[in-house]
Amino acid sequence: MADEEEKQSGLLIPKVFYHSDTKTPMTNCIDCDYDLMLGDRYYMIEKVYKRYEALDSVQVLFEYAICNQCYDKMKEGLSVESMFTLSNYMLNNTDLEGMQKRIEENPRDAKKWLTHCMIKGTEVSDMNEFQIGACFKGNELVTDFMPPFVIGGAAMEEITELLSKETKDEMDGFMDDHFGIPPELRKDLILI
Ligand SMILES: [Zn+2]
């Protein structure tokens, strides 16, 4: 019982979700600048990585935190068809068993849950591009809706192909507004 309770609560933001420059938690929503540390709104963090073989390093291409209100607003802007296709794809392709197993093996170490693509099962060390994401509230990790996840480049490409043109345009707009990233690079990010 005590074990069970401990497992369910109190995991702080894993350092892997800290801002890569400041090495501190991301404190504000990228869209409305809401103070996420107030702890009264759920928020999502996504980070996109790229491996540079020549430099022998993995670098963060972009990273952001978005509050649930802005996240919902953004999702409302996506086409119903794309949302349906996307959730269907996730439902049918996510390796839930693998995710579950990694969590059970290291219930207190969320970094160890992020070792494989949740769709393809590919190891992070074998991928040139991948993104990670998770849900938080205040300074705590929230796993009720979705545990922290990794999506690799191959799965990202598959998902992009499934999205409608208007959804891609919407995502392009988001990236351009917040990062000044041109549409041709937007393929690196899927907003889950
Ligand atoms: Zn916001």
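Strand 1 and strand 2 form a hairpin with 4 residues between them, and D56 in its turn adopts a positive phi of about 55 degrees. Helices (H or I, at least four residues) and strands (E, at least two) are taken here as DSSP runs, numbered from the N terminus. The structure is a predicted model, in which local features need pLDDT of at least 70 and side-chain atom pairs count only at pLDDT 80 or more, whereas totals for chains, interfaces and linings use all residues. Residues are numbered from 1 along each chain as its sequence is written.

The hairpin of strand 3 and strand 4 has 2 residues between the strands, and G138 takes a positive phi near 60 degrees. Because 7 of its 9 residues are buried, strand 3 is largely enclosed by the rest of the structure. A residue is classed as buried if 20 or more other C-beta atoms lie within 10 Å of its own, exposed if 12 or fewer, and partly exposed in between, with C-beta atoms placed from the backbone.

For the chain as a whole, 7 helices and 5 strands are assigned, in the order α-β-β-α-α-α-β-β-β-α-α-α from the N terminus. Of the 192 residues, 29% count as buried. Among contacts between residues at least 6 apart in sequence, 63% join residues at least 24 apart, a contact being defined by C-beta atoms, placed from the backbone, that lie within 7 Å.

The predictor's confidence in each residue is expressed as pLDDT, from 0 to 100. The mean pLDDT of the chain is 88, and 89% of its residues reach 70 or more. Confidence is highest in strand 3 (residues 129-137), at a mean of 96, and lowest in helix 1 (residues 2-8), at 47. Over residues 1-7 the pLDDT is below 50, and this stretch has 1 contact in the model beyond near neighbours in sequence.

Key:
Two residues are in contact if their C-beta atoms, placed from the backbone, lie within 7 Å. Two strands pair if DSSP finds at least two bridges between them.
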